[in-house]
Amino acid sequence: MDFSSGSSASLYTRKVPFVLGGLPLEFGLAKEHRLLRQMVAEFADGKVAPKAHEYDEAEEFPKDLVEMMYGLGLMGMMVPEAYGGGGMDTIGYCIAMEEINRADASLGTIMSVNNSLVCDPILRYGTEEQKEELLPKLAQDGWLGAYALTEPWSGSDAGAMRSTARLGGDEWVLNGQKIFVTNAWHSQIIISYAKTDPKAPRSKGITAFIIPTDTPGLHKIRKEKKMGIRATDTTALAFEECRIPKENLLGKVDEGFKVALSTLDGGRIGIASQALGIARAAYEASLQYAQEREQFGQTIGQFQAIQWKLADMATEVDAARLLIYSAAYVRDSGRRYTKEAAIAKLFASDLAVRASREAVQIYGGYGYLRDFPVERLYRDAKITEIYEGTSEIQRVVIARQLLREDR
Ligand code: CAA
């Protein structure tokens, strides 16, 4: 694909590369990671960034960009090549997420759900038949997936869900409601969760299901109006005697809560990378503006008040990236990474909000206008502190893991 029409202002074509303690920040990364970053950065700068504002204003799903993402192998990056995926490791996925999200967090959200919340659990919990049937479609053939966990009465307390599924002959019969389901309006399949043992306490007796969205009894009720990531669809769903084949289980009966939470571990590394992309965009926009905007006879970058903001942003962007790579490294080495993923998301999402707020402050009155990109960054950043587990829940997860590790 030729993206030569776009400017390639990527991190790695800058005259002054980011460094950390005298080492290039990409120490330890393989050549394939650097090439991947370059390819995704060119796509982000050339195709995504020029349209991000337009899609946000129109609150329109970026269909053409999503289609291009399939062509570039960005929708099923960690799916093995045998199932039509990119065969990448988690660090590669994080690199791509950072680059896409610094251009457009809406597109990044669509990408993260398909990769982290749909392809990943099918790969880890699916039967061979499910993998062979679904993964090539999701990774390369334009199928979009969604992940439905939250209900009107169960958000952070996901285990308190009330949706039910009962066996009726050769079918599961689903009833209930799900909300805040990213991608559901445009998706072909939804991974959803329901109580299969109503008597089991709390998170016990929950099962994960793969539900084709054209199944009778599955209703897409409404698209929510949101503060940010406005080019994504966030859909409310209802299941009304919705019948799916018995074999559409994901994993084992009554063991769905582990599917849900282990999937969110991976999702949280993705959202941390999204937050990093937003923070980096805020930092780069601020750095540029501080060198252009003049007040009191000098560029505002000459003022220490602005310099300190830039210094803090640069420091924290580097720190977030290292936390993300560390979580990705633990994941790729096959160990449990629940704590590392939560730490990365907690830190990076907090940074995304702080850095984008400071970017608006540096831009002053212009930063408050919808014509300038930092306004969108500020709105988009906020969701990273909320979805796939609020910052408060990340602290719960981290603390539980610390205590479990008996430190
Ligand atoms: N991996 C695998 N298993 C896990 C796990 C993990 N990361 N975390 C917990 N479990 C297991 C536990 O071992 C336990 O199993 P046993 O009963 O066999 O011991 C079981 O799951 C229940 O665990 P807890 O007792 O810790 O459960 P809890 O009810 O106290 O809840 C929680 C824990 C951390 C608060 C969890 O509910 C949580 O993460 N809540 C936030 C939910 C969330 O992130 N929602 C976002 C929805 S997705 C989204 O944002 C929409 C979108 O489209 C992007």
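**Close-up views of a predicted model**

**View 1. Asn183 is buried, because its relative accessibility is 0%.** The model shown in this and the following views is predicted. Asn183 sits in the loop that runs between S5 and S6. Its phi is positive, about 80°, although Asn183 is not a glycine. Most residues other than glycine have a negative phi. Ala146 belongs to strand S3. Ala146 also counts as buried, because its relative accessibility is 0%.

**View 2. Strand S6, residues 189-195, is mostly covered.** Seven of the seven residues of S6 are buried. In a regular strand the side chains alternate between the two faces of the sheet. In S6, Ile189, Ile191, Tyr193 and Lys195 point one way, while Ile190, Ser192 and Ala194 point the other way. Residues of both sets are buried, Lys195 and Ser192 among them.

**View 3. S6 pairs with S3 in the parallel sense and with S7 in the antiparallel sense.** Strand S3, residues 145-148, is joined to S6 over four bridges. Gly145 is placed opposite Ile189 of S6. Strand S7, residues 206-212, pairs with S6 over seven bridges. In that pairing, Lys195 stands opposite Ile206 of S7. Ile189 and Lys195, which mark these two pairings, are among the residues that point one way from S6.

**View 4. Strand S9 runs antiparallel to S5 and also to S8.** Nine bridges link S5 with S9. One of the residues of this pairing, Lys178, has Leu237 in S9 as its bridge partner. S8 is joined to S9 by five bridges. Here the bridge partner of Arg222 is Ala236 in S9. S8 covers residues 218-223 and S9 covers residues 234-245, and the loop between them holds Ile229.

**View 5. Ile229, in the loop between S8 and S9, has a positive phi.** The value is near 30°, in a residue other than glycine. Ile229 is buried, because its relative accessible area is 4%, and the limit for a buried residue is under 20%. Asn183 is likewise a residue with a positive phi that is not a glycine, and it lies in the loop between S5 and S6.

**View 6. The ligand is surrounded by 25 residues.** The closest are Ser156, Arg202, Lys204, Asp265 and Arg400. By type, the shell divides into nine nonpolar, eight polar and eight charged residues. Strand S5 (171-182), helix H6 (256-292) and helix H10 (391-404) each contribute at least two residues. The largest share, seven residues, comes from H6. Domain 2 (146-254) and domain 3 (258-405) both give residues to the shell, so the ligand lies between these domains.

**View 7. Arg280 of helix H6 contacts Glu98.** The side chains of Arg280 and Glu98 make a polar contact at 2.7 Å. Arg280 is buried, because its relative accessibility is 0%. Helix H6, which carries Arg280, also supplies seven residues of the shell around the ligand.

**View 8. Ala341 is placed in helix H8, residues 338-363.** Ala341 counts as buried, because its relative accessibility is 0%. The C-alpha atom of Ala341 is separated by 24 Å from that of Leu138, and the two residues are 203 residues apart along the chain.

Key. Residues numbered from 1 in each chain as written. Predicted model: local features only at pLDDT ≥ 70, side-chain atom pairs only at ≥ 80, totals over all residues. Heavy atoms only, no water. Buried < 20%, exposed > 50% of the residue type's maximum accessible area, 1.4 Å probe, protein only. Pairing = 2+ DSSP bridges. Near = heavy atom within 4 Å. Nonpolar A, V, L, I, M, F, W, Y, C, P; charged D, E, K, R; others polar. Domains from an automatic or database assignment. Polar contact = N/O pair within 3.5 Å; in protein donor to acceptor, adjacent residues only side chain to side chain.
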